[in-house]
Each structure stands twice: as C-alpha cells, then as structure tokens.
Amino acid sequence: MRLSGKSETGKTGLINLGNTCYMNSVIQALFMATDFRRHVLSLNLNGCNSLMRKLQHLFAFLAHTQREAYAPRIFFEASRPPWFTPRSQQDCSEYLRFLLDRLHEEEKTLKALSSAKAPEKRTLIEKMFGGKLKTTICCLNCKSTSQKEEAFTDLSLAFCPPASLENVDDCGVETSTSATIPAGETPLNSVEINGGCDAVTNEGTTKDLSAEPNSETNSELNKGQENRDMSQRLVGKNTPSVTDLLNYFLAPEILSGDNKYYCEKCASLQNAEKTMQIIEEPEYLILTLLRFSYDPKCHIRRKILDNVSLPLVLELPLVPYTLSSVVVHSGVSSESGHYYSYARNVTGSGPSGLQNELDAEMSKEWFLFNDSRVTFTSFQSVQKITSRFPKDTAYVLFYKKQNNTCGFNTNSANGLWVNGDPPLQKDLMDAITKDNKLYLQEQELSARTQALQAASASCSFRPNGFDDNDPPGSCGPAGGGGGGGFSTVGRLVF
Ligand SMILES: [Zn+2]
C-alpha cells in the first residue's frame, strides 16, 4: 500500500468529524474543480461572515496548510442542512445540492443589498455549475406543444432498463431479470448477502484502492460474493456508461396511463411525448446517479449496485466534457457506508500559454481523497472500483466543459500565485501563516515529548502531564504530526 502524506501529494485531507465523509468527499470534489476553486480564492470578501467566506477560508487552508489534514468544524456547522442529524451518515448528493443552493441564495441576497455595484447578474454558483434544461411536451392527440425552461446545478440520472441499452428486439425476460432490476427486487439470497439494513463497515473499502491497479485476479475473490454481481458479470457487455444514462435521461418519454398529460387545448388528459434538452451547458456538469430507491420492507433507501462505466470524455451535443471528480459511495444504503472521492485538476483547455501548460501537466494526476488521507491514484483505478469492490460505486460525477469561454483570467490580479491559484487576501494569509507556525510548535512539542519519554523510559522516570497534551480532536492518521510531518517543512510557502 502506498500511503503518502501531504508532502508527497501536496494535497490536504479533511478530518472526519463523525460520519462527515459525505461532506468531506463533496468539499474535495469542489476544491478540485479548479476554476471554481480559483474564483472562490480570489473573491474579495473582507469583513464578510458569509458561507462563501467560510468556504474561501476552508479552500485557503486546504491549499496552503502544512498539516496533513484539516478539521472543517466551522464550515460543517455553517453548511449542515438543518434536517441532517449530526454524527449520522447522510446523502452526499443532497448535501451538495443544499450547499450550492445556499451559496447561490446568499450571493443573490448580498447582490440585492448592494445593487448599484453588481454588473454581473449571475452568481458564482450559476456561472460555474448552472445550466438550463428545456422540457417540451407534445400532446399526441392535437400535436400542440408546451415548453418550459428550468435552471439546474446537477442532473439526476436514472438507471435505464436493459431494453434501452440494446436493440428493443433483444430485451427478453432473461436479461431484464438478471441485470438491471432494482436492488430491492433481487433474489432473496442475494438480498441477504447485501446485508441487514446497516451491516456496513468502513474498513476495507479503500485500503487497497491505490495498490496495484493491475489485479484482475481479484475478480476471482469476488466470485460468489453476490449472485447479483455474478449475473452482472455474465451480462458484462451490458454495463451501461454514463453516456447511456445521459442519453436515457434525454430520450423522449411517453406520458400515458396514470401519467397522462393535461392538454390545455384538448382540455383533457391525453397521451403525450415529453422531451428534455440541455440548452445551456454548465462549466461544470454535476451528475448524480440515482442509486437509491426506497425499500418499504426494510424502511431504508436501498442501493442499486450496478456498475457504470465512466468515460473520461463525455460528448454532449455541442461541447465535450472531461471527467474531473468522482464521489464514490461504499455500502448498500444511503444511511450507512462511507464516501470518498477521486479527483484531478481540470481546467478549460484554452489557448496555449504557460498557465495552461501547467494546468495540462496537473490534470494528469489523479488523487484519492479518503477523509484525512490523500494518495496518488490513476484513472485505471477509478474505472475498476466496482469490479474490485462490488459495494463501492460511483455516485456523483463532476465533468468540466472543454472550452475556455469562462476560464479563470490569470492576469486579473498580481501577487504570489501558487500552482496556478491566485494569491490570498492578507488576513487569510496571516491566519494560515499563524496556524502553520502553531503546527511547527506542535511538532516541536511532540518531538520534545517523545525525547523526554524515551529518556524517562530509560531511567524509569515518568513526567506528569505530557500524555494529556495530545489534542483530542486530532485523532486518526493526521494526529500527532508524526510520519511525513517533518518532511513538509521545506514546502513552507510564506
Ligand atoms: Zn391536445
């Protein structure tokens, strides 16, 4: 296993504050949305106590702290949806949607208060994640159409029935019962293997992920773990891709039966055809795979464990998108399990220049963010998650539009640029410098304590109090500043 601290990856982990991996995984995905991060870091929010300011503070620490992991306590308290119970597992997609909505509404309110000096009407969230969908409904009786436009910040993609993946002729009963039925309806024995409602442990989910990516032999081990998994392998050629799911989302749908459409012209319920079209493409396209369906027997939202292949490049009708982050859910229901993220730096591939060469170089590296731990990984590992760990499935995806219309203007500010990120405002820089000094002191204290303990062990003298000096909050791999801690000193930026 290759476990690297911040010194090796240059990235900072996030300490788990008690089942907060749903937040940590999403924050790392947002942080790695390079253009978004750079916009957030360059905002002038002096004296502001907004949620955006707290996100800026968090991003600044993630970018510049010398610590291996940061505890996002203030941000967690400020961004937790009121209906989320503290210390319990939550849906990371729901959290992400709530967070983006809060940031958007807050900026709108602040803009309204100072309307005179706000030439840009769209909020940062709209500029980065906002897209527009057009829904057209055509009455199949009178052929009249009605249209509606809707803004979105993410698209929720349902799993398509097998018939829509292949030619319709091919959709015998056999395929539809073997592969893509909802998890709640799988044969009894495989449901049992899927576990009681909550028998999911975190250990073992990611510890081997960054190990040898080339381990097809693992599929031998997985064999027989789950009937469902086996049947999936049998119909392996049917593994849908995100492109299939997106096409299914955009495919015309017939509204009939209980779902009939009320046509104004006919003044009655009619069969109708509904079509959705993306008419404004967001800079970052966030896709949530609708994996959770309510299971009335178990009173939980059960998970569809189907594997989905992730194209590195997603071809939308007008622009290609490239994969930037993948938030993985490990477990069998949304109320349990664990989240972690794969991500890399991707910016719009614009005209060549020093900045873009640096960005292109940075985009080759993939990182695995698992709470406090950050390790190097590869796209190959990302692709193989589910085949190696059947309960670990891609859940929320970030794709970056490949053009440069909204790229970050690197000439807009002067000062110290680090890895292409804009310089920080003075008060933020001061806060980080202060904390980095504190961290060095903690390391010194810990080294001195160890030395004393070593000395006392050899002459059987125990100094009082030293054992209580460990901060209680810094449990986990980040605690104590040991390991790679000292080697990070050379990276001090300020
Ligand atoms: Zn009609």
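**Exercise 1.** Determine how many of the eleven residues of strand S14 are buried.

*Solution.* Begin with the numbering, which counts residues from 1 along each chain as its sequence is written. Remember also that this is a predicted model, in which local features need pLDDT of at least 70, side-chain atom pairs count only at pLDDT 80 or more, and totals for chains, interfaces and linings use all residues. Strand S14 covers residues 320–330, a strand being a DSSP run of E with at least two residues, numbered from the N terminus. A residue is called buried if 20 or more other C-beta atoms, placed from the backbone, lie within 10 Å of its own. By this rule nine of the eleven residues of S14 are buried, and the strand is mostly covered.

**Exercise 2.** Work out which residue of S18 stands opposite Thr 322, and which residue stands opposite Val 328 in S15.

*Solution.* Two strands pair if DSSP finds at least two bridges between them. S14 and strand S18 (residues 392–401) are antiparallel and share nine bridges, and here Thr 322 faces Lys 400. Six bridges link S14 to strand S15 (residues 338–343), again antiparallel, with Val 328 opposite Tyr 340.

**Exercise 3.** Explain why one side of strand S4 and of strand S6 is left without a neighbour in the sheet.

*Solution.* Write down the order of the open four-stranded sheet, S4-S3-S9-S6, whose pairing is antiparallel. Strands S4 (145–152) and S6 (253–255) stand at its edges, and because each has a single partner strand, one side of each lacks a neighbour in the sheet. For S4, eight antiparallel bridges connect it with strand S3 (residues 131–139), where Ile 137 stands opposite Ser 146.

Technical notes
Buried ≥ 20, exposed ≤ 12 C-beta atoms within 10 Å, placed from the backbone.
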